[in-house]
Amino acid sequence: MLKFYFNGSPNPTKVALFLEEAGLAYQPVAVDTRKGDQFKPEYLAINPNAKVPAIDDDGVKVFDSNAILLYLAEKTGKFLLANTPANRGELLSWLMFAATGVGPYSGQAVHFKHFAPEKIDYAHNRYQFEAQRHFGILNDHLAGRRYMVGDTYTIVDMDVWGWARMLPFVLGEEAVAKYPNVKRLVDEIMARPAAAKAIALKDNFKFKAEMDDEARGNMFKHMSVKAA
């Protein structure tokens, strides 16, 4: 059975959404990053980058949420467009836009807004600006269209949903109203039964809730290393 290594953060939740939407049998394996589970040798053998999510599909190991979404979609033939060059080009473009832009800039925006031990105005402003810029592009793209690519619910929508549903945490409560088309997509996906199951998956496990010194030491290794 497919093993799904996860926690409740946005990137694993995207993959959980796909697994639930596709009706795939899987074994969830909790990786408590605040306790340092991501650095255990057995997990590094699956994902040497020490991040979640990852899967072990009967010996096929895949890490990075975007790679996993594409792998599972191509394996099952689900949540993709008809396989034409134009469709594949559009799907890959927006999938990589989410992978290299929306996710990383949202993550850094969250870090400098909520978790940085000191407030650095330059860093905070840069990542808030870039997160806003990326969500603005998504919002403009979704104007007049139901889904991210074509007229079909695909892995790109799942990918965008992972971080877009966290907009209030990324940019603040007031940000939601600035991106009505993104909100519409998020609301539609949130109404799907699979989304509720994906979000609730973490509740079946006990994850460390406190962001204490142990958690910061495991999640923010740079705090104890002088790299520059």
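1. Let's start inside the protein. Helix H1 is the top contributor to the lining of the largest cavity, giving three residues. Keep in mind as you look that this model is predicted.

2. How many cavities of 30 Å³ or more does a search of the whole structure find? The answer is one. The largest cavity has a volume of about 40 Å³.

3. What classes of residue does the lining of the largest cavity have? Seven are nonpolar, three are polar and one is charged.

4. Next, turn to a pocket. The second largest pocket has a volume of about 180 Å³. You can trace its lining through Glu-74, Gly-77, Leu-80, Leu-81, Ala-82, Asn-83, Thr-84, Asn-87, Arg-88 and Leu-91.

5. Which helix provides the largest share of the lining of this second largest pocket? Helix H4 (residues 85-115) does, with three residues. Sorted by class, the pocket lining has four nonpolar, four polar and two charged residues.

6. Here is a recap to check against the structure. For the largest cavity, look to H1, which gives the most to the lining; for the second largest pocket, look to H4, the source of the largest share of the lining.

Methods
Residues numbered from 1 in each chain as written. Predicted model: local features only at pLDDT ≥ 70, side-chain atom pairs only at ≥ 80, totals over all residues. Heavy atoms only, no water. 1 Å grid on protein atoms, 1.4 Å probe; cavity = no way out; pocket = protein on both sides within 12 Å on 5 of 7 lines; lining within 4 Å. Points joined across faces, edges and corners; volume = space filled by probe spheres on them. Helix = DSSP H or I, 4+ residues; strand = E, 2+ residues; numbered from the N terminus. Nonpolar A, V, L, I, M, F, W, Y, C, P; charged D, E, K, R; others polar.
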